[in-house]
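Please open the model in your viewer and keep a selection panel at hand. The stops below take up charged side chains and then aromatic rings.

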Amino acid sequence: MDDHFVHSEDGTTVPASSCDRADPPNRLTQASLENFDVRAALQSDPVKRRSNRLHRHLPRLLCMTSASSPEGDLTLGHVMSACGIDPAEVLVIRHTYNDDGLRRGETSYEAVWAYAREQGLRFNGKQPRLWLNFLAESGRRCRYWGAFENGGEVSEEQTDSHRYFDLRPMTVMSSLANRLVIEWSKDTINWAKKGASAAGFPIVEIADPDVVSFPGYDSVLLSRSELRTMLEDSRYEAWRTALGAVQGIYLITDTSTGKQYVGKADGAERILSRWTAYARDGHGNNKALRELKGADAEHSRHFQWSILRVFGPSTPTAEVDKAEAHFKRALMTRQFGLNRN
């Protein structure tokens, strides 16, 4: 990595300036977010688990942490505070792409680790414990990649031009990897900032988590909690589109007994709308499933949904009915399962 620190005439490193920036027009705001007891949340979760839960509570956490802003501006400092990170222990790094170092599209753990641990000799050997790594995008935008724990300089590896650091992966802010985008200060040549300076960097984007691609009808297999997530989570839009486009025959398996139920979605009804009913009430108005719920209100937690066959929206109802009857016979769900007709 090239050494981009600014140096004074006597060769000493000039400290990175504080965040000097113009007001961007697209900062995220917290004006409509609900209050949340951040202190209690942080005390109840071990540090290593906070980042895994962060994406669920992030908006409320951010509006309760760090310095308040009447305008509702969110900063990197808010995120660090929500994760229980002390800025004094942080070095925030902005990696840029070049042919001799980190290449665009080649940002695996091994590549970034090798790039980050090698520094010029003018880079001080005593650096903070936690390194937060961002990848440069257009302008001053940079996207969070992940974190390293700095175990210190490996003195025996030092050469005439470089020093090397003992960096190890950390899960800090892992739920925000590739999602959190900040705006770097105007002095982009200063690619490394101490946590206290970087805390003021504005957050300009928190993207949705990566979408979950639809695996194909033959590969669908969902527990109750997964079914509900699929119906509600924006990441599963492709699933909802696929399941909302077809009629079909599906299978519900009671994993506590092994008994099965063969059902259908036909006519104007699609698999998506049929399964939505199960997620809502646990039985979809099926007699045997209602009986199970009567004995245990949460019995549907044992159910597992899969698809046996799909039909296009114009397939005649008689053909769907014929397929349903076939699977009931083949799986003997009337005799040994949960079908009552």
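Buried here means under 20% relative accessible area, exposed means over 50%, and partly exposed lies in between, with a 1.4 Å probe and protein chains only. This is a predicted model, in which local features need pLDDT of at least 70 and side-chain atom pairs count only at pLDDT 80 or more, while totals for chains, interfaces and linings use all residues. Residues are numbered from 1 along each chain as its sequence is written, and side-chain values use heavy atoms, with hydrogens and water left out.

**First selection: arginine 224 and glutamate 298**

Arginine 224 counts as buried, at 12% relative accessibility, whereas glutamate 298 is partly exposed, at 40%. Their side chains meet in a salt bridge with an N to O distance of 2.8 Å, the term standing for a side-chain nitrogen of Lys or Arg within 4 Å of a carboxyl oxygen of Asp or Glu. The pair links distant parts of the chain, 74 residues apart, with arginine 224 in helix α6 (residues 224-232) and glutamate 298 in the loop between α9 (287-295) and β12 (303-311). Helices (H or I, at least four residues) and strands (E, at least two) are DSSP runs, numbered from the N terminus. The structure holds 20 salt bridges.

**Next selection: lysine 264**

Which residue forms a salt bridge with lysine 264 at 2.3 Å between the closest N and O atoms? Select aspartate 321, which is that partner. Lysine 264 lies in strand β11 (residues 260-265) and aspartate 321 in helix α10 (residues 317-331), so the pair ties together parts that are 57 residues apart in sequence. Lysine 264 also meets aspartate 266 in a salt bridge, at 3.2 Å from N to O. Of these residues, aspartate 266 counts as buried at 15% relative accessibility, while lysine 264 is partly exposed at 22% and aspartate 321 is partly exposed at 29%.

The structure holds 15 aromatic pairs, where rings of Phe, Tyr and Trp (its six-membered ring) pair if their centres lie within 6.5 Å, and planes under 30 degrees apart count as stacked, over 60 as edge-to-face and the rest as tilted. Select phenylalanine 123 and phenylalanine 165, whose ring centres are 5.6 Å apart and whose planes stand at 85°, so the pair is edge-to-face. Phenylalanine 123 is buried at 0% relative accessibility, and phenylalanine 165 is buried with a relative accessible area of 0%. Finally, select Tyr250, Trp275, Tyr278, Phe303 and Trp305, which form one aromatic cluster.
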